[in-house]
Amino acid sequence: MTDALTLSTHDSIHKVAPEVWDGLGDGNPFTTHRFLAALEDSRSVGTGTGWQPLHLTLERGGDVVAAMPLYAKSHSQGEYIFDHAWADAYMRAGGRYYPKLQATVPFTPATGQRLLARDDRDRAALLQALMQLTDRAECSGAHVTFCTASEAALGADAGFLPRVTQQYHWLNRGYGSYDNFLAALSSRKRKDLRKERAKAQGFGGTIRHLTGDDLRPEHWDAFWEFYQDTGARKWGQPYLTRAFFDRVQETMRDDMLLVMAEDDGHPIAGALNFLGPDAVYGRYWGCVQDHAFLHFELCYHQAIDHAIAHGLGRVEAGAQGEHKLARGYEAVPIHSLHWVRDPGFLRALENYLDEERDAMGREIAALADFTPFRKGG
């Protein structure tokens, strides 16, 4: 069999068969064909959004052996690995930063495979193909964000610049129950969290876990109201369209957990999670009534409850939020890869990222002192 590879780009995920695409992945819900299709079919990405699908595949002997979720970007919104300062410096120096290529999942700050392939040889070939495509399309550069640590190492070998940022994740160390988890915390922190949860759960209503066939269109009507409010305050306007939630209801209801708070049967707040093979991914939250600590209960504590009950290894609760530390979440490194075509700017980025990685390593180590765990336990 020939080792020659053929590079192809696709302006829609529907140009690649679902069984071919998903056969290269590891089950992460966000890189599945159905999730990427929901983004496209709902027009959350595509014309007018600044996220133009350009998914990349490599074929050998007529078979697709590697794939990458890829977008041509005309801005830096919805990425969560921030390069706005780079864009400003690039343009002040007389360059054209946009369009750029972004290998990621739109609006989704969750770590997962970006190089979908069965072995490192083909993953490395994907990185080389991405560089070639960047040159061919005359984009300023290519960025692979929220990739795995092993992919970051491959990228560094291929000439990409590795970047390290951080998030707060809850890690399941074999806890049999939430009380087992609390036992690992200092006495004062245990008391604080018990009081917080009691206060939140005493808001006067009920909290329900909805997944699979329990999810109904009326739940998405309520959640859309929550999401619009949160999106308007955070981003100016929501990234996702209403149709996105209808689409994932059809194709991904078994991959989702909606934690809903109800008052007299009426939804008042909700947190949407996606479920992976070994993780709960907290994605969106919103409310129409304010109750003390209810946000923390629905987004963080209930996600921990689900992870423990189902033997999942971690909860990724999204970007930012140092308040997660007090609730048992820990700072962990997040990896991305960056490459620009301009050699001078690439050298400047390399120096910047070297210093940033050192600083980030110190920050992650320092944040460990602020976790609620018993010291030395």
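**Burial and charged pairs**

Modeller: Glu-79 is buried, at a relative accessible area of 4%. This is a predicted model, in which local features need pLDDT of at least 70 and side-chain atom pairs count only at pLDDT 80 or more, while totals for chains, interfaces and linings use all residues. Residues are numbered from 1 along each chain as its sequence is written, and side-chain values use heavy atoms, with hydrogens and water left out.

Colleague: Why is Glu-79 called buried?

Modeller: Buried means under 20% relative accessible area, exposed over 50%, and partly exposed in between (1.4 Å probe, protein chains only). Glu-79 has 4%, so the residue is buried.

Colleague: What makes the pairing of Arg-173 and Glu-330 a salt bridge?

Modeller: The term requires a side-chain nitrogen of Lys or Arg within 4 Å of a carboxyl oxygen of Asp or Glu. The side chains of Arg-173 and Glu-330 meet at 2.7 Å, N to O, and therefore qualify. Arg-173 lies in the loop between β9 (161-171) and α6 (178-183) and Glu-330 in strand β15 (residues 330-340), so the pair ties together parts 157 residues apart in sequence. Here helices (H or I, at least four residues) and strands (E, at least two) are DSSP runs, numbered from the N terminus.

Colleague: Why does Arg-173 count as partly exposed, and why does Glu-330 count as buried?

Modeller: Arg-173 has 48% relative accessibility, so this residue is partly exposed. Glu-330 has 15%, and is therefore buried.
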